Amino acid sequence: MQITSSSPGQCVSSASVSAMFARLALCSRLPSRTRQSNVCPLSSRAYSQTKFLLPRSHGKSFAHRSELKQAKRIVVKLGSAVVTRGDECGLSLGRLASIVEQVAVLQNQGREMMIVTSGAVAFGKQRLRHEILLSQSVRQALHSGQNQLKDMSVPVLEARACAAAGQSGLMALYEAMFTQYSICTAQILVTNLDFHDEQKRRNLNSTLHELLRMNIVPIINTNDAVVAPPVPSSDLQGVNVISIKDNDSLAARLAVEMKVDLLIALSDVEGLYDSPPSTDDAKLIDIFYPGDQQSITYGTKSRVGIGGMEAKVKAALWALQGGTSVVIANGTHPKVTGHVITDIVEGKKIGTFFSEVKPAGPTVEQQTEMARNAGRALASLLPEQRGEIICSLAELLTEKKDEILSANKTDMELATASGRYSQPQINRLSLSTAKLNSLAIGLRQLAVSSRDSVGRVLRRTRVANNLELEQITVPIGVLLVIFESRPDCLPQVSALAIASGNALLLKGGREASNTNKILHQLTQEALAIHGVADAIQLVSTREEVEDLCKLDKMIDLIIPRGSSQLVRDIQRAAKGIPVLGHSEGVCHVYLDSNASIEKAIDIVRDSKCDYPAACNAMETLLIHKDLLRTPIFDQIIDMLRIEHVKIHAGPRFASYLTFSPSEVKSLRTEYGDLECCVEVVDSMNDAVDHIHKYGSSHTDVIVTENEETAEQFLQLVDSACVFWNCSSRFADGYRFGLGAEVGISTARIHARGPVGLEGLLTTKWVLRGEGHTVVDFSEQGSMKYLHENIPVPQGSFS
């Protein structure tokens, strides 16, 4: 075993470790963790938001990815493909710098980081090639006396010689990079003997513990300058024996020896696949369990290095058996390299996670596949059969109301006791007998309308003689609906998915887990009538929303229902999947100068006070300036006070008052409670401008007796719902007669406003011919296009 301090080229034996520590202590600077002025914003942010970790009792590996945040001692293994350039001669400096930054971030969070690195051979190869070419060119110049040189070839370089030439340079590079983060490093070179000789093994263990105690990052590598070539062996089957044949086995042995919490093995593939990644049907394995290796087909090893994926898996399973969690991931992908290590530690779904705990239920990928397959069967049912399923669900909601309300009461009590939820969130969580009855009525209404949904002919065209084209409605595919608090969303969305023939994946908030569970059971009970129970799945695993949004090959549309922050987070995370929804519900009611007192009072009261937590509740009251200091204004303000509505004055409204209410912080606020903003405008056009500037394109209302003004408002306001003399609370799928809704969309394509059955359908084109070819319609062909529209009777199906 050899140990090298941060100064390149300085080697000492294990016998003089104590003397070396005295020198290393000077550069370790224990207080340096608080001195981070030269760390980039990513590092500073991650450092400031993380508490120092306490040591974890070692014994069992982590069961779930979410627990990886607790990892205190971490080994990062860098494969040859990660640290070397594409030409295998020299190091990938940008990639290495990014990895060093992430390790520095974790080290400065109070974790104990170790690196097992390749790269000495590649670095030495680059150096020796340069020296050989330089030497050849000098000799040729001396012998020929001319500047014209012959073609020069580089002999095959022996790997051990390259390693000897590259070790010091590799370490000097690590030192320079870690110095930018005020972190000291030390190099340790090992061979198989250092683990199999008991005295050397104890020396190595002691050295590593002392380095970690002094906040130094050990950088470990096999001593490739003297190590013997690897030979096949079967020593990976016992927990006490593992030969050091490559850096995979070295990292595994080191992890178990040092009781490491987490081993991150970075390579040039995304993780472990069920078959070679180059094959068409290869699937990335999210979680790998001991015993699953029999179902894996391994491909060839990477372009560089001596270990392949099979060696990585065997080493990972050996480490897992020794109590260390393992993740194999891609360290070369340009889009993720800059945060792959920190993301893994944060528990994000990256690479393949090795776990000894197999969940009782299917994975979310398996659930999605089950839903897609059953969804196709659901879409093939007759409309009457889908209607029967929905009616059955409506009956179950009323028959099982006591069980539902009991589960809901448990959720309410737990949510209230936790103190983590606001009163509007608690209100959304609540169910009642009246709500369940209303849900059942809406579902029966939807069952009727579902009979003319899937397969309906929208357009029929005679393209040419005996060549007819149809445009028909079809399901979108697999929907993912993510919702917070409101458990009544589950039967609504489920019924719409059934009616439209879509498969459905549901992800509810933990605050409604008991209610969601029973509602989902009732939904599957209804689906089982026609053998399609798997078409609707409830995700109850520890899947993060961000991870679900990455299933772009399995999910066709995401519909978020919840806070504006939830919607924005999903819109950012779902880069490859369309998102249908609205981020905010900043709804306005404008009282025109010609407004009726009675209508104004009733509409404002209903819009704000009926259900203030709803997204269609009024958040801003706009008042024409001519109404100030009039009976209608006084009565409106008195009514709001009686209803305990807290008023926030807009800038113009505050300027009219000597003693004004609290001035509004933002005119774009969605309060979701008994609060609202009151602002003054000069005219209807000013009200429209205010709505366009501060609104969310959800629902906006005018109260006036002037028909011309009202029609102008209805035409000018660019929102999903625009009303005249009626409450904003009418913006709802059930109240529109849609039966139910998956939410309200403020988008301008596909669906807008309350999204019911029609919004969950797309179309496909069906062309029926008799051997027609495009050549038949060319200038020399015998056929001509007709493009005649064929009338489609109402309710016509393909």
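Author: A search of the whole structure finds two cavities of 30 Å³ or more. A cavity here is a set of points, on a 1 Å grid over the protein atoms alone, where a 1.4 Å probe fits but cannot get out. Rolling a probe the size of a water molecule over the atoms shows where empty space is left. The largest cavity holds about 60 Å³ of space, a volume being the space filled by probe spheres set on the points, which are joined across faces, edges and corners.

The model is predicted, so local features need pLDDT of at least 70 and side-chain atom pairs count only at pLDDT 80 or more, whereas totals for chains, interfaces and linings use all residues. Residues are numbered from 1 along each chain as its sequence is written, and side-chain values use heavy atoms, with hydrogens and water left out.

The lining of the largest cavity comprises Lys77, Asp248, Ala251, Ala252, Leu263, Ala265, Lys312, Ala315, Ala316, Val326 and Ile328; a lining residue has an atom within 4 Å of a point. Helices (H or I, at least four residues) and strands (E, at least two) are DSSP runs, numbered from the N terminus. By class, eight lining residues are nonpolar, none is polar and three are charged. Nonpolar covers Ala, Val, Leu, Ile, Met, Phe, Trp, Tyr, Cys and Pro; charged covers Asp, Glu, Lys and Arg; the others, Gly among them, count as polar.

The whole chain provides the setting. The chain has 25 helices and 26 strands, and 52% of its 798 residues are buried. Buried means under 20% relative accessible area, exposed over 50%, and partly exposed in between (1.4 Å probe, protein chains only). Of the contacts between residues at least 6 apart in sequence, 74% join residues at least 24 apart, a contact being heavy atoms within 4.5 Å.

The average pLDDT, the predictor's confidence in each residue from 0 to 100, is 84, and 85% of the residues score at least 70. Residues 5–52 stay under 50, and the model has 82 contacts for them beyond four places in sequence. The pLDDT is also below 50 over residues 302–306, a stretch with 18 contacts beyond near neighbours in sequence.

Helix 13 (residues 383–399) has 17 residues and reaches 24 Å from its first C-alpha to its last, close to the 24 Å expected at 1.5 Å a residue. The expected span is 1.5 Å times one less than the number of residues. Its buried residues, including Arg386, Ile389, Ile390, Leu393 and Leu397, pack against helix 12 (364–379), helix 14 (401–418), helix 16 (433–449), helix 17 (489–500) and helix 18 (513–527). Helix 17 is mostly covered, with 12 of its 12 residues buried. Its end C-alpha atoms are 16 Å apart, in agreement with the 16 Å that its 12 residues should span at 1.5 Å a residue. Just after helix 17, glycine 501 takes a positive phi of about 75°.

Serine 182, at about 55°, lies in the loop between helix 6 (159–179) and strand 5 (185–190) and is buried at 16% relative accessibility. Arginine 629, with a phi near 60°, lies in the loop between strand 18 (618–624) and helix 22 (631–642) and is exposed, with a relative accessible area of 64%.

Two partly exposed residues complete the account. Phenylalanine 123, in helix 5 (residues 120–144), has 21% relative accessibility. Not counting residues up to four places away in sequence, phenylalanine 123 touches Leu91, Gly166, Gly169 and Leu170. Isoleucine 287, in strand 8 (residues 287–288), has a relative accessible area of 24%. With the same exclusion of residues up to four places away, isoleucine 287 touches Phe353 and Ser355. Isoleucine 287 and glutamate 356 are 69 residues apart in sequence and 9.7 Å apart in space, C-alpha to C-alpha.

Terms used
1 Å grid on protein atoms, 1.4 Å probe; cavity = no way out; pocket = protein on both sides within 12 Å on 5 of 7 lines; lining within 4 Å.
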